[in-house]
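Hi,

Here is the structure I promised to pass on. Have a look at it first, then read my notes below.

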Amino acid sequence: SLSLPSSMHLIQVDSVQRWMEDLKLMTDCECMCILQSKPISIEKDEQNELILSSQYSTCDNLQLLLKRAWIISTELTRIAQKLEKNRWQRVHSVTVRVNCHVRSMINEYNTFTRNSSEEMHQFEKLLIDKCSEFTAFTERCLQTEDEEILKSMKSCINETLTTVAQYFGHVINLTAPSILSCIPQNLLSQIELSGSLFVTESAISSLFSLAQEGAHLCRIIAKEGGVAALFKICRQDCFRCLYPQTLRTLASICSVEEGMHQLEKVDGILCLADILTDNSHSEATHAEAAAVIAQITSPHLTFTQHLSSFLENMEEIVTALVKLCQEASSGEVFLLASAALANITFFDTMACEILLQLNATKILLAACSDKRIVDTPYSRDQVVTILANMSVLDQCASEIIQGNGVQLLMEMLFEKSSSGNSAEVAACERVQQKSAVTLARLSRDPEVADAAVKLSCIPRLIKLCRSPTERNNSDSVLVACLAALRRLAVMSPDGLEDADFQQLVKPRLVDSFLLCTNMEESFV
């Protein structure tokens, strides 16, 4: 055996010990990627560590990259916070983690896109090099306890952190557009080229998930030909079983102007009319087609003027929707069909006349008595919207009376949320407001006014005016109730006490409104 100098033994021991100490904090970045970016940390704050699994399918590329970018952004903020507190070990461990996430993100992006620009490659290299430099900096900070040295290194680390954040921002700005357009392109090519039911279904499902990410993605999908591709499916009998989810995806994409323009270009309205009027289709298909109609006729959209083809097909669409309301087997189907009808009554006044001819009032009132079908404030909101818009027609009053509609309107004045959910509360307010509006309009007819008085509508309207909690402090409900009360007071002046008349009827409407909005609850 060889006899080694004592100094060599010392070096060997020191090196091994140093290596063992460093292992606690350092890991190889490539190994980290293989280990799904799960860092080894010596601190017990695992709940703060953001871990992202690399197990994903092709369709999840966008969401994975978005999550990865969010994690890197969050971790960079965390480094700044730890640096401020001089927690050097934590700064280093988080820096190592950022290094790994950056490499993973770039690797995933290049795997997915395959043909990045030269500019992108340059920034990727700059970012990786700067991250490696950053990790080396923070590692050196662990090798000293000298406060002065650490203080001088802190400013260098801050500068490096700022540079890393800037390069990261550049990479994200270059990555996002190509990723966002590339994913819909891939999915749409699958839809266009595949004759396989399974592949097409999977692509549509992924496209729907993308559309749920927001308006920006819907615009990209529309620009890439998504609306045309989906309507192509809806024109092929071999894909009939995919019609419901295809139409559901179309409803999402058509929430943006680009989707609406594409729908018009490919005669989408005619296709929807054909589906709705074809009795061989399932109820689910009819319901999803109604959802698309509801979306494209929404009164909240400002870009419906170009839907000229809708007017050409309106009568058969309205007829099919009324039939769907009448035959609905569930509350969801009724909600979609009635929402489409409600929007159409805003879209064109001719729709109200068509609804009268189809006895829609009777059908809707009958549905409201079936708690299995009209089971939420949302459904009642659609029904009372249709009635309110139809009530401008003189013939509507007799239809309402025959269908016991005044009783329903009275009941709607008592609409209350059972859950307290903000969306449901808002729906209840709309129901109260629109039922009061409908009563005000219909009370032009003495027969309707008489029925309303007999059903004690006047005391209820007074209560809604005077009690803020009854109307959930809604000003729109208050205005509608004051208008209805004034109309009924003209028809039946004996129905009000003098105090109510002096405060709620006789003054200008704005004065009564101000009086009621300033009213304390104890006044009631």
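Here is what turned up in it.

This is a predicted model, where local features need pLDDT of at least 70, side-chain atom pairs count only at pLDDT 80 or more, and totals for chains, interfaces and linings use all residues. Residues are numbered from 1 along each chain as its sequence is written, and side-chain values use heavy atoms, with hydrogens and water left out.

Let's start with two helix pairs (helices are DSSP runs of H or I, at least four residues, numbered from the N terminus). The axes of α10 (residues 243-253) and α13 (residues 283-296) come within 8 Å and cross at roughly 10°. Axes here are lines fitted to C-alpha atoms over the stretch in contact, with angles from 0 to 180 degrees between N-to-C directions. That makes α10 roughly parallel to α13 (angles under 35 degrees count as roughly parallel, 65 to 115 as roughly perpendicular).

Cys352, Leu355 and Leu356 of α16 meet Ile386, Asn389 and Met390 of α18.

Next, aromatic pairs (ring centres of Phe, Tyr or Trp, using its six-membered ring, within 6.5 Å; planes over 60 degrees apart are edge-to-face): there are two. Phenylalanine 310 and phenylalanine 347 form an edge-to-face one, 5.1 Å centre to centre with 85° between the planes. Phenylalanine 310 sits in α14 and phenylalanine 347 in α15, 37 residues apart.

Cheers

Notes. Angles under 35 degrees count as roughly parallel, over 145 as roughly antiparallel, 65 to 115 as roughly perpendicular and the rest as oblique. Rings of Phe, Tyr and Trp (its six-membered ring) pair if their centres lie within 6.5 Å; planes under 30 degrees apart count as stacked, over 60 as edge-to-face and the rest as tilted. Contact means heavy atoms within 4.5 Å.
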